[in-house]
Amino acid sequence: MKRSKGKINVSEKDFVFEFKAGRQQCVLKIPLQFPVQDNINDLFGRFILLHKIPCFVENDLKTSLSNFIERETNENYDRISEQALHSLMNGEVDVGELTNVWAKAYCETTLEHSHPEEPSWDEDFADVYHELIHSPASDTLLNLEHSYYLNISELISERDMELKKLQERQAAEMDTVMQELGKMFSDHDVNAVASQHFDAQQVLESKWATELKQLTGIQKQEYQEWVIKLHRDLKNPNNSTINEEIKVQTSQLSEAPESSSCHYEEQRQLEESFTIHLGAQLKTMHNLRLVRGDVLELCKHRRHGSSGVKLLRLQTALSLYSSSLCGLVLLVDNRVNSYSGIKRDFATVSMECTDFHFPRLEEQLDIVQQVVLYARAQQSSKQREQPDTLEQPRPGGAEDKNKTVDRNPANILPGEFYITRHSNLSEVHVVFHLCVDDNVRSGNITARDPAIMGLRNILKVCCTHDITTITIPLLLVHDMSEEMTIPWCLKRAELVFKCVKGFMMEMASWDGGISRTVQFLVPQSISEEMFYQLSNMLPQIFRVSSTLTLTSKR
Amino acid sequence: MKPLRDALLGAFTFFASPLPHDVCGSNGLPLTPNSIKILGRFQVLKTICHPRLCQYVDISRGKHERLVVVAEHYENNLMNFHKLCKPVSPDRALQIAYEILEGLEFMNNHGMVHRALCPQNVLLDCEGNVKLAKFGFYHMTDGGADVDFPIGYASYLAPEVIAQGPVHSSGSFQSKTPCLSGPKTDVWSLGILLFELCVGRRLWHNIENSECFKFILNLGCMDDIVTVLAEEHGCLEVIKELPENLLTLLRKCLMFFPSKRPTPVQLLGEPVFGHISGLTEHFHQPISLFSSGLRSAHLQLPDDITSLCKDEGKDYLSERAIDEVYYLWCLAGGDLEKELINKDIIRSKPSICTLSKLILDDGQSFGQGRDRSFLLDDSTVTLSLCQLKNRLKDVAGEAYYPLLEDEQSNLPQSNSSSELSSTVSLPLIIRERDTEYQLMRIVLFDRLLKAYPYKKNHIWKEARVDIPPLFRGLVWAALLGVEGDIQAKYNGIDKDTPIPTDRQIEVDIPRCHQYDELLSSPQGHVKFRRVLKAWVVSHPDLVYWQGLDSLCAPFLYLNFNNEALAYACMSAFIPKYLYNFFLKDNSHVIQEYLTVFSQMIAFHDPELSNHLNEIGFIPDLYAIPWFLTMFTHVFPLHKIFHLWDTLLLGNSSFPFCIGVAILQQLRDRLLANGFNECILLFSDLPEIDIERCVRESINLFCWTPKSATYRQHAQSPKTTGDGSSNSSSSFDRTNIYLYSDYQDFPKTDLSREPLRLSELKAELSPRISAEDLIDLCELRGSSHFKTPNKRAKVGKPKILAVDIRSPEDFNRGHISGSINIPYTPSFGADGEPVVFPAVTTLSAYRGRLIVVLSNMVKNAVMFATQLVKMNYPRVCVLDGGINKMKVTGLLTVPSPQI
């Protein structure tokens, strides 16, 4: 793995050593390559051995050899350096360009020469928040967040109510129209009514959307200002009013618990945990968990009240800017938006509470969309530069893919994923939106499937960005359908288990062996029996560590 | 390493270049991260000790390719002169120049160049002597190839360095191969440095870097660079007033073309330094522990010996070596990253803020902003020793200078030492993290090792307590009896000429303990290859078997900077524990070994043995890698260390006990499972509690009669004149008995006789020799046998001799204390031996060491087998039967009343 040293720098010189043995005049001549790669001692030892040098000249030989090597090495250095200097003076190399390259090298890599950083508000806020949430003020913060959350949910329920009313009214209207169809109204009229309804609905929805957006905007600003102020005041020790304020708020906001959230916990009761050790000699401990539940349950913000919800929320808030983040893999289609399916559901959930730290999901997706376009442009320019790479066979049919890209560069491909960050989800900070195609519904995907390779890249990001808990949909689907039979499930689970195990073994070389938690999520709709079959499969694939016996036998 | 004295510990940090996503090397394996490459190349710097160079102490890897380097440090540096803004006197300047050159020369002799010379890196100790810092930066980063930033400081770069272009550059400079710099580049930097000192101002101080480079490159067209520089910076008058010799020196340093510029060695010989070099003492490298030279040959006592004793109230800690102090600093809760974060050198953003937006299927990421926290800030932070000093404030001064001569010291023990003796009983893991305790052990072992081999026995004695991790490499070498000029021997072995084994070695090394940073570094691979080749070449009768690489790993890890010692330890270890295991045809050795091992399982754990035999799970299926690599293939390095700390104290039969101890930890699972599950279990061995394993194997070892593990293919008795027998005069005799091999004793008629392999395999229980029986039953008075009384009292196993001859024979003469259970083999209808009722009488003695005596060995073996089948532990058979005892005259006839 040695850096290839160019041929020009290598030269061969003969080392000549003369000595007398009795009356014989001996000459030792050895060709040496410069720069000398070997240790002088080894070289010397080899000479003695190879040429059967008498021991009485050993010391002379050694001095003369090391002098020779030193001299020649220095000459070699001189030669190379002067080559460079001469080519500069001949004008072969442009001085201006050279000095610019140097200046750039310093400027981009050293703090001393780099351009000063513009202060980033986000990071300052991150520091402030991280400090506050780890102080007694954390309770106040959470309560404040919760009260904002209640405001939002009030608004949302109002919206839902109004939408529902509208829909009911429209349905009634449509009914009457339908009854009179053919009599008073023609098909044309029906269509007109339908489109009119649709428009009305759109108008209403967008009205509420703006309102919601406005409210979250206000909330976010208020919240951030308040946090900064609180921090400033806490810094100032003789300001006691703020402490009282914290107390007052605490008492105000610890209102009576509401009991609406109990059923959530009941649904998630099916879960099983395992502790495993991975690695041949050095073993790393990891925690695995198999959970049956809906993927959005991990995201949904719940009302404080029932025991644990607030603690869970606190836990998520505490670790937001820490080095133990929680991630979630969401399987999406190839378009970067939130209009349909699980994407829409997720967007709804993420809207239920204001994100006080990161941009709204829509804004994040807009940025992702731009990055996708930029990445495609980069890719194609690279391909144009190196057309030969195209000929290399890529797994999964590169040509097909390229065609798709040509068709719509804004879409992403299976196996690629985009990342969004959230502070307002209940147990998750980072969401990996992994693109999968209909292939995952079929029974015959392999370990080389883009979705699986995507999982590997996700785990790699987990290593580089301190995501210590990651939730993966075990069957690579969020909902069950008819073609997903029991053998299908078992086969899929085995594949994902085995691949993830392989990636986790690899992980030790990425991050030096850090203990992680991997949650495998299976859809709510699978049977209990199926769940236990899967939980039996897990310890067969991963080596579950032996239980610690506390009682000694002897 | 040299003592800390008034030096400080400093740390600085930088990032290695990250690797591109998922790129593989030419061998198909993932590339080594650059930080690991640097870590490997760094190691040699620890061995570079010179009074003009700051001693490197340690390097550690953090997250995301961060490296933190710890080195000797001083707060003062040449920048102090610049803060005064006035020229330094010519004499002082010459003195500084000379000292810098001394440092540079020493480095050059070790094949290194500084390349980052600048006022900040020329430190000054309390006496104003020069100490060069960061001198290994260029070396450890492989000429800057493993880091993103350029090495060196803009205004001090030599013109040829600039002309060659930065190592990482794009565009037209990319095609050129990076060129390494020679020693003369430092001479240019020294010239600039001196110039600045002489004129009292900095060159190109407030100028853009690119302008500065342009200026330097244009100097090539000038005749008198010194004058041009002086004119440019408006200090021509100052320069003109300088003494002529200093000006000549400056001119020589600031030669534009390297061929005209002298090297540091040449400069040191210049007449300008004539009077300085006469005054300074020349540095001699201290003689290493293993060399042909006399270590104390140059020892000189001061004329007035009392001057040595008057350091009252001195800081004893600072007299310890730098690496020891750093080691203790870490134990006392030192945290490098925290120190650097406190000083705002490490400014990491929360990870959630640095996530990228999009990852493509090939792992390329997009939308990640440039993170400023990855930029180089190489300022050095002083590590505060307060916490350590506070921790050690109660340690008495005497503790730093223990007396070695009278071993049974009757001196009143101070409080701290009595506390320490209670520490000894704590688990090893805790002891290894106890600052005071480690200080004591380090001080003690340091002294003992300095007196090696004279203090060899004392080292053995202390090693039985524990071995301080810091000195493990040397202590192991001492335990293995490594002596003499190992370096010369190692140099004499041809490690370069290709041999047929090369390919296999090349394949094995990248798969051997690669989780470890040192062993996975390219430097580690090179050293691995050299040590392995040296061993293969120097042992023509033995061959390379896969597993030798694992065996080499612990020695290489512990002696990373001393290949010769690693080689010597390995060469001493293999004949002791793995005699002839590496023969080209080693099957007879291994087969015998495994058979004895299965006998040991039956001896210690008959229930498990019965189960394993029943399902056919024989040691051949799992234990070969255990013994062939002495467990190094099975365990991670940190566990191997603790295991071998004890293994090295035991004899060649100790590994059997370790094997049994491992099986016992898995006992429940093995008993509960069939063949397939057992195979699966061992293919990925579960975590083994190594401390328990060591404890149990010592216990098993004590229960095992010496001759039970007799192997005819073991190493033959050592010839007299060998180290161990030489030293036996001073060696207390218990040690010989406990820790030397059975084979080491002179062979007598009463010893065991070799058995054919097929015979050995047929026997379930081990045989023991008549000698052992006599010893265990204490048949002879302690007076004329070599077993000392002391040993007899401590934990000798309780023994029961079972005589299975007929009562008549028994009455004619038997061993005192033996019981008679007449036995003639009888078989039931199904061909199985019939269980006879008399055996039940034995149940009262279950747990004792049962020796079966007979005049027909075959009967005794069958009897023993039955006992094992009935789960009687510790059953063995007297080799040669009762007839062997007859000749000793130790048989007694019962008194008539019975």
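**Sheet, helix and domain contacts in the predicted model**

Strand β3 (residues 66–73) of chain B pairs with β2(B) in the antiparallel sense, over five bridges. Within this pairing, Tyr56(B) finds its bridge partner in Ala71(B) of β3(B). The structure described here is a predicted model. The two strands belong to an open sheet of four, ordered β2-β3-β1-β9 in chain B, with antiparallel pairing. At its edges lie β2 (56–61) and β9 (381–383) of chain B, each pairing on one side only. On average, and ignoring direction, neighbouring strands of this sheet are turned by 30° against each other. Two helices of chain B can be followed onto the sheet: α1 (residues 34–42) touches β2 and β3, its direction making about 165° with that of β2(B), while α13 (residues 322–331) touches β1 (8–15), β2, β3 and β9, at about 35° to the direction of β2(B).

Turning to chain A, helix α2 (residues 58–89) has 32 residues and reaches 46 Å from its first C-alpha to its last, close to the 46 Å expected at 1.5 Å a residue. Its buried residues include Ile69(A), Tyr77(A) and Leu88(A). Their cover includes α1 (40–51) and α3 (95–109) of chain A, together with α5 (159–164), α6 (184–199) and α7 (209–218) of chain B. Just after α2(A), Gly91(A) takes a positive phi of about 85°.

The domain assignment of chain A gives domain 1 (7–109), domain 2 (121–256) and domain 3 (270–541). Contact between domains 2 and 3 of chain A takes 20 residues from domain 2 and 14 residues from domain 3. On the domain 2 side, α5(A) gives the most, with nine residues. That side divides into ten nonpolar, eight polar and two charged residues.

Note on methods:
Residues are numbered from 1 along each chain as its sequence is written. Chains are lettered from A and ligands numbered from 1 in the order in which they are written. This is a predicted model: local features need pLDDT of at least 70, side-chain atom pairs count only at pLDDT 80 or more; totals for chains, interfaces and linings use all residues. Domain bounds come from an automatic or database domain assignment. Two residues are in contact if their C-beta atoms, placed from the backbone, lie within 7 Å. Ala, Val, Leu, Ile, Met, Phe, Trp, Tyr, Cys and Pro count as nonpolar, Asp, Glu, Lys and Arg as charged, and the others, Gly among them, as polar. The expected span of a helix is 1.5 Å times one less than its number of residues. A residue is buried if 20 or more other C-beta atoms lie within 10 Å of its own, exposed if 12 or fewer, and partly exposed in between; C-beta atoms are placed from the backbone. Two strands pair if DSSP finds at least two bridges between them. Axes are lines fitted to C-alpha atoms, for helices over the stretch in contact, and angles run from 0 to 180 degrees between N-to-C directions.
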